[in-house]
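User: I would like to go through the labels attached to this model and check each against its cut-off.

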Amino acid sequence: CLLAGGELVTAAGHRPGRGGPCHEAVLAALPELARRPGTAFLAAGTDGIDGNATSAGAVAGSDTLPRARRLGLDPEAFLVRHDSATFFDRVGGILTCGATGTNVMDVFVGVVLPQRS
């Protein structure tokens with residue numbers, strides 16, 4: 001398990017979709033997760049809100065990209081549109097806890113399960 005905390009920053013400007021840096025970090029990680037069975041990645045804001053979304057972030061595993069493709073979803077298209085929260089609403093993995101009133105940092109958790117031989 002890898003743990004990290006801090007704040008991600010994305011380029012300023014018009015964000016036509018829903019989501020924030022935590023949602024986008026998980027969405028961008030999908031290809032790498034898919035190449036590594038038994039892995040998962042979570043990114044969420046401790047304030048319960050990420051960017052312009054009402055959710056804190058998202059969680060995905062090695063099975064998320066294949067599931068998205070079966071649903072006809074193109075993760076890259078959502079990433080380009082900065083619409084990562086919508087992607088996770090559709091494929092699953094959105095983290096919603098409501099506003100916490102505490103903005104300590106963004107939290108990142110990566111899990112790698114040992115491979116059986």
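User: Which residues of α1 are buried?

Analyst: The model is a predicted one. In α1 the buried residues are Pro-21, Cys-22, His-23, Glu-24, Ala-25, Val-26, Leu-27, Ala-29, Leu-30 and Leu-33.

User: What makes Leu-30 count as buried?

Analyst: The cut-off for buried is under 20% relative accessible area. Leu-30 has 0%, so Leu-30 is buried. Its place is in helix α1. Leaving out residues up to four places away in sequence, Leu-30 touches Ala-60, Thr-64, Leu-65, Pro-75 and Phe-87.

User: How does the span of α1 compare with the expected one?

Analyst: Helix α1 covers residues 21-35, which is 15 residues. From first to last C-alpha it reaches 23 Å, close to the 21 Å expected at 1.5 Å a residue. The helix also bends, by about 45° at Ala-29, and Pro-31 follows within four residues.

User: Why is the pair Phe-78 and Phe-87 called edge-to-face?

Analyst: Two aromatic pairs are counted. For Phe-78 and Phe-87, the ring centres are 5.4 Å apart, and a pair requires centres within 6.5 Å. Their planes meet at 65°, and over 60 degrees counts as edge-to-face, so the label applies.

User: What are the values for Phe-87 and Phe-88?

Analyst: Phe-87 and Phe-88 also make an edge-to-face pair, with 5.0 Å from centre to centre and 90° between the planes. Phe-78, Phe-87 and Phe-88 form one aromatic cluster.

User: What sits over the ring of Phe-78?

Analyst: The charged end of Arg-81 does, at 4.6 Å from the ring centre. The distance limit for this label is 6 Å.

User: Which residues have the most contacts inside the largest nonpolar core?

Analyst: They are Val-26, Leu-30, Phe-41, Phe-87 and Phe-88, in a core of 19 residues. At least two residues of this core come from each of α1, β2 (39-45), β3 (57-61), α2 (64-70) and α4. The most come from α1, which gives seven. As background, nonpolar side chains in soluble globular proteins tend to be buried together.

User: What is Val-26 in contact with, leaving aside neighbours within four places in sequence?

Analyst: The contacts of Val-26 are Phe-41, Leu-42, Ala-43, Ala-58, Val-59, Ala-60 and Phe-88.

User: How do you know that α4 is mostly covered?

Analyst: Six of the eight residues of α4 are buried. They are Ser-84, Ala-85, Thr-86, Phe-87, Phe-88 and Val-91. These buried residues pack against α1, β3, α2, α3 and β4 (94-95). After α4 comes Gly-92, with a positive phi near 100°.

User: Why is His-82 called partly exposed?

Analyst: The relative accessible area of His-82 is 25%. Partly exposed lies between the buried cut-off of 20% and the exposed cut-off of 50%, so the value falls in that class. His-82 is in the loop between α3 (75-80) and α4 (84-91). It has a positive phi of about 55°, although His-82 is not a glycine.

Definitions and conventions: Residues numbered from 1 in each chain as written. Predicted model: local features only at pLDDT ≥ 70, side-chain atom pairs only at ≥ 80, totals over all residues. Heavy atoms only, no water. Phe/Tyr/Trp six-rings, centres within 6.5 Å; stacked < 30°, edge-to-face > 60°. Lys NZ or Arg CZ within 6 Å of the ring centre and 35° of its normal. Expected span 1.5 Å × (residues − 1). Bend = angle between axes of the 7 residues up to and from the residue. Buried < 20%, exposed > 50% of the residue type's maximum accessible area, 1.4 Å probe, protein only. Contact = heavy atoms within 4.5 Å. Core = buried A, V, L, I, M, F, W, Y, C linked by side-chain atoms within 4.5 Å.
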